Amino acid sequence: MSPAKLQSLLQNGLTHQRAGRFAAAETFYRQARVAAPKNFDVLHLSGLLAHQQGRGAEAIDLLRRALALSPQAVMCEFRLAIALGAMQRHAEAEKHLRHAVEVKADFHEGWDQLATCLKHQDRIAEALRCHEKAVALKPDYAAGWVNFGFTLRLAGKQAEALACHERALAAAPDYAPARFGRAQALQQLHRVREAIADYDAFLALRPQAHEARSNRLFALQNLDDISREQLFAAHVAYGCALGGSAPSQSFASVADPARRLRVAVLSPDLRAHSCAYFIEPLLRHLDREAFEVYLYHDHFREDAVTARLRPLAAVWRNFSGQSNAVVEQVIRGDNLDVLVDLAGHTGITNRLPVLARKVAPVQVTYLGYPNTTGVPAIDYRFTDAIADPVGDADAFATETLVRFAPTAWTYQPPQDAPDVAPLPAQARGCVTFGSFNDLAKITDTMLATWSRVLAAVPASRLKLKGRGLSAGGVREALEERLARAGIELARVELLERTPDTVSHLALYHDVDIALDTFPYHGTTTTCEALWMGVPVVTLVGDRHMSRVGASLLTAIGHPEWCANERDGYVRIATELAGDIARLAAIRAGLRAELHASPLLDFTGQAACFGAALRECWAAWCERANPAELAAR
C-alpha cells in the first residue's frame, strides 16, 4: 500500500475517532493494520481506540507493539500506562509513567497520571508530591488541580482540597469537575448547604452525572429542615434520572426456592470501616450449605479487615477503578441469585447505576445508607420494625421493606477494645457528656438542645470528637456555632481523630453519658459508646435515620433512653446525670447487656438474615415460574 493510501486510512480513522464514531474508526484502522502491521502510527492509534472502546487487553498489546517501535514516544507510553491502569495493573503502569517523565521532565500530564497511579496503590504521600510537580509545571492546569484535590481528600486534608478545586475554577470557571470537587470538599468540611448548592451548579452542567446526584442525596440527610416527602421525592427523581436502561430480565437461575443460593455482597467498605463491624458477623455465621457467598469489594484499600473477610467468600473480586460496564459484565457472568448492596448513596462513587440494570434476579440494599435508594430495579431494603415502622415507612421506600430481625444490626466489637473504666464522674465530681459522631450531623437545633442539657446539669462538660477539626476554619466555625447556641466554650473539649480504634474507644473512659445526634443518628458510635459502658440518649424522629438509635437501644433493653421530643431528650439526659450511683451501675453492666441482646447474637441474626434472603428468593421463584411451583 502506498504511503498516501495508508495516510488516508489513518486520517479517516482519526476523524471518526475524534467524533466518537468508534466502530467506523476501527474499520479504517483494521485495514491499516493489515497493510502496515509494523507502522508506529497505525499501532498507536489502534491501541488508543481499543482503550476507548474498553478492549483493555487488546489496547495494551497494540500500544506495547507501538512503543517497541519507538521507545521514546512519550504519548504512546503515557497511553499504555493509562490502559494498564484501567486493567488494575498499576505497578506496570507506574514503570511506564516514570520513564515517560524521565524522557520529558516537563510532561505535566505524565506527572498527574503518575500521581493517580500511586494513589491507586495507596501511596498517598508520593502521589501528592507528583501532583505538586504537575501543577508547578502548569499552574493553570485545571484537571491537575482537581486531581490534586481528590487525592488531598483521601489524605484527610479537606481544606487544602477545597483550595485546589478553587484554583481549578479560577483557571477554568466552567470546568465542571472542579465544581463537583468543590462540592465534595465542602461536604467533607461539614459546610453542607454550600455543598448542596455546588452539586446543583454541577448538575446543571452535567445532568447525567449520577455520582453527583448520589453525593447530593447523602448531603441532604444532614439537613434538619427537610421533610420526609422532600427527601423521598429527591430519591425518586434520582431513580428516574438513572432509568431507561431497559435491563435484561432473563437469568440463568433455576427457580427452585429450596436450592443453594449464590449470594453476592457488594461494598466499598470490606476493610477497616464501620460497615465491616456489622456485616462480618453475618457473613461469618451465614449457613454455607444454604448459601454460596461472593464478596465484591469496591475500593483500592485492602487491609487486615479485608484479610479476615476474604476467606469467607467462595469468590472474591475487587471492582475498584473498573467501569460500570465492566462491573455489570462480570456480575452477569457470575450468575448470581441475590445481590446485596451495602453502599446505597454513600461514598464518592457507588454502583447503583449497575443495579439499575437489574444484574441479579433479586437485588437488596442494606446497612450502609439510611434511606431508600430510589432505584426501581432494587427489590428490597432490609431493616427492622423500629427503624421503619410497618405501614408508616413503606410509603417512603421504592423498595419493599423487609423487617428481618428484632434489630437490623449485628455488632461485632473490636477484639482489642479496652476494658470498661470506672465512671469518670465519681472521680471528677462532675458529669461529662460526649458525642463522637460525624460533625456533619451536628445541627443548630441539636446544639440548642445540648445547651439546655448543659444548663440543666451544673458544672457538666461536653466532649466532641470528629474528623476534620484541624482543617482550616472547621474548629473556629464549630466554636462560633456553639457560642451562638449559648454553650460556654470553656465547658467544651473538641477532639480530632485518633490514630486507631483502640485510642478512639479509650476516650470513652472520660465520658459519662453519650448524646446522640439528630435528625441523623449514630450507628457505630452508639454501639461503641454502649460497649464502653456509656448510656446513649437519643431523640426518635419520623424516618429511618432518626430511629436507628431507638432500634439499638430497644435491642439492648433500654428504650427508656429514647425521647420522642426535645424536652424529653433534655429530661432523660438530666435524670441520668443526676444519679451517679445509677450511672455507675449502668456502666458496669452494659457490656453484659449487649452480650445478651440480639446485637451480639451472631448466629441468630445470621439465621434471620439468611431466612429473609430465602423468602425474597422464593418470591422471585413464584413470579418466575408460578405453574411449576404450584405443582410441587
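## Helices 9 and 10

Helix 9 (residues 142–154) and helix 10 (residues 158–171) pack with their axes 8 Å apart, at an angle of about 170°. Axes here are lines fitted to C-alpha atoms, for helices over the stretch in contact, with angles from 0 to 180 degrees between N-to-C directions; helices (H or I, at least four residues) and strands (E, at least two) are DSSP runs numbered from the N terminus. The two helices are therefore roughly antiparallel (over 145 degrees; under 35 is roughly parallel, 65 to 115 roughly perpendicular, the rest oblique). On the helix 9 side, the contact (heavy atoms within 4.5 Å) includes Trp-145, Phe-148 and Arg-153, and on the helix 10 side Glu-160, Cys-164 and Arg-167 are among the residues involved. By class, that makes 9 nonpolar, 3 polar and 3 charged residues (Ala, Val, Leu, Ile, Met, Phe, Trp, Tyr, Cys and Pro are nonpolar; Asp, Glu, Lys and Arg charged; the others, Gly among them, polar).

A word on the model: it is predicted, so local features need pLDDT of at least 70 and side-chain atom pairs 80 or more, while totals for chains, interfaces and linings use all residues. Residues are numbered from 1 along each chain as its sequence is written, and side-chain values use heavy atoms, leaving out hydrogens and water.

## Helix 15 and its surroundings

Helix 15 (residues 274–285) meets helix 23 (residues 524–531) with axes that come within 9 Å and cross at roughly 75°, so this pair is roughly perpendicular. Ser-274, Tyr-277 and Phe-278 of helix 15 touch Thr-524, Cys-527 and Glu-528 of helix 23. Sorted by class, those residues come out as 3 nonpolar, 2 polar and 1 charged.

Helix 15 is largely enclosed by the rest of the structure, because 9 of its 12 residues are buried (under 20% relative accessible area with a 1.4 Å probe, protein chains only; exposed is over 50%, partly exposed in between). Glu-280 is one of the buried residues, as are Tyr-277 and Phe-278. The cover over the buried residues includes strand 1 (261–267), strand 2 (291–297), helix 16 (304–309), helix 22 (501–506), helix 23 and helix 27 (602–624).

## Rings

There are 19 aromatic pairs (Phe, Tyr or Trp six-membered ring centres within 6.5 Å; planes under 30 degrees apart are stacked, over 60 edge-to-face, the rest tilted). Tyr-294 and Tyr-296 make an edge-to-face one, 6.5 Å centre to centre with 85° between the planes. Tyr-294 is buried at 6% relative accessible area, and Tyr-296 is buried at 0%.

Ring pairs also link Tyr-366, Phe-382, Phe-404 and Phe-609 into a cluster. Elsewhere, Lys-441 lies over the face of Tyr-520, 4.3 Å from the ring centre (the criterion is NZ of Lys or CZ of Arg within 6 Å of the centre and within 35 degrees of the ring normal).
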